[in-house]
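Have the 3D view open as you read.

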Amino acid sequence: MINESQNFLLTADNEEHFTITSFKISGNITGNGRVKIYIDNGRGQRLLVYKNIAKNSAEQKSLPKITGAVTEKIKKENANDEWLVIKPINTLLEKEIFDEVGSDESLVNGQFAEQCMDTCFMKMQISRNIAYRFIFLVEHGNTLKINEIVYRTED
C-alpha cells in the first residue's frame, strides 16, 4: 500500500547479471488523483510502467484491454531462479511532477492489470551490483495498492 510518493531500490539477489525483457504491474488505485510509476536508471533514462491518465475515445470505452500471455506468470523451477529485490529508499529523491490531464484525457482509477507502457518489451540488465530507482508518484489523497509484479527474463 502506497499513499504518498516514494522511491524504491530495484535490484536483484544474483551475483551474475540477467536481462529483464518485460516488466508488468497490477494493482488498484483509490482516490481521484494522479499516479505514475516508472523505473529510472539514474543516468537520464526513465521507463514508464504505468500512469492513470488515459485518452478519451469511444474505442477505449467499448473495448476491453487485452493482456499478456499467462505463460509469463509461470515461475521457473530450476535452481538458477532470477529474483528481484525491492527496498524502500527513505527520502524522495526528486520533486513530484505529475502530468497534466488534457481535455481529451481522463483519470482512470480502480483496478489495473499487467500494465507496461514502456516496459512491455525492454532490455534491462540487473544484478546485485546493478540497481535502478523504482519510483511511485502518488498524488495526495490517493492510495495505490500493488497486487502483482510480473517480469520476464531473457533465456
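## Ground rules

A residue counts as buried with under 20% relative accessible area, exposed with over 50%, and partly exposed in between (1.4 Å probe, protein chains only). This is a predicted model: local features need pLDDT of at least 70, side-chain atom pairs count only at pLDDT 80 or more, and totals for chains, interfaces and linings use all residues. Residues are numbered from 1 along each chain as its sequence is written, and side-chain values use heavy atoms, with hydrogens and water left out.

## R133 in its strand

Look up R133 and you'll land in strand β10, residues 132-138 (strands are DSSP runs of E, at least two residues, numbered from the N terminus). At a relative accessible area of 16%, R133 is buried. L10 sits 123 residues away from R133 in sequence, yet the C-alpha atoms of the two are 5.8 Å apart in space.

## The disulfide

How many disulfides does the structure hold? There's 1, where the term means a pair of cysteine sulfur atoms within 2.5 Å. C116 and C120 make the link, with their sulfur atoms 1.9 Å apart. The link is right-handed, with 85° about the S-S bond.

As for accessibility, C116 is buried at a relative accessible area of 9%, whereas C120 is partly exposed at 24%.

The predictor's confidence in each residue is its pLDDT, from 0 to 100. The protein averages 85, and 84% of the residues score at least 70. Over residues 59-79, though, the pLDDT is below 50. That stretch has 22 contacts in the model beyond near neighbours in sequence, a contact being heavy atoms within 4.5 Å.

Conventions
Helix = DSSP H or I, 4+ residues; strand = E, 2+ residues; numbered from the N terminus.
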